[in-house]
Amino acid sequence: MALCETEALVLRTYNLAEADKIVVSLTHANGLVRAVAQGCRRLKNRFGAALEPFTLLQITYYQKENKDLASLRQVEIIKSHFYLSSDAETLTGLAYMADLVIEFSPPHQANERLFRMVKACLGAVAASPGDLQTVLRYFEIWLLKLEGFLPDIKRCAECHL
């Protein structure tokens with residue numbers, strides 16, 4: 001049972017029950033974290049618009065031992081990228097990035113380099129949305145490298161020389 005406070009990027013949210021959401025985020029200190037934001041779908045809630053995808057937050061959450069879902073306690077917006085969702089191509093590209101991070105990152109394993117890379121790629125897309133495809137290719141290659149799936153191209157796969 002631990003209370004954690006860290007920087008996080010919201011990757012995706014799912015509706016849960018009548019007034020709750022499950023928030024999937026990439027955190028600086030603990031990697032991929034799934035947490036329940038209780039009451040966030042109500043008209044008056046403490047989270048406001050902070051749980052939108054691709055928002056950089058300072059979060060506080062409570063994680064019980066042997067439980068998959070944490071419980072969000074407090075969020076504070078550091079930087080919002082909500083304006084990027086107005087363009088369909090940019091929104092699709094960012095959703096693709098989020099899907100790749102969710103698929104390739106194991107839960108609760110801190111990877112500072114991955115967090116910084118996702119944050120930098122998001123900043124690059126925000127600064128120049130026309131370079132989206134270039135940023136996505138860069139992101140794909142570095143994600144494979146950081147997660148250990150990119151083979152060493154300097155060595156032969158058959159003879160290992």
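Of the 161 residues in the chain, 40% count as buried, a word that here stands for under 20% relative accessible area, while exposed stands for over 50% and partly exposed for what lies in between (1.4 Å probe, protein chains only). This is a predicted model, in which local features need pLDDT of at least 70 and side-chain atom pairs count only at pLDDT 80 or more, whereas totals for chains, interfaces and linings use all residues. Residues are numbered from 1 along each chain as its sequence is written, and side-chain values use heavy atoms, with hydrogens and water left out.

The chain holds three helices and five strands, and read from the N terminus their order is β-β-β-β-β-α-α-α; helices (H or I, at least four residues) and strands (E, at least two) are DSSP runs, numbered from the N terminus. The C-alpha trace spans about 60 × 40 × 25 Å along its principal axes. Among contacts (heavy atoms within 4.5 Å) between residues at least 6 apart in sequence, 57% join residues at least 24 apart.

Turning to one residue, Arg 46 lies in the loop between β3 (31-37) and β4 (56-63), and Arg 46 counts as exposed because its relative accessibility is 54%.
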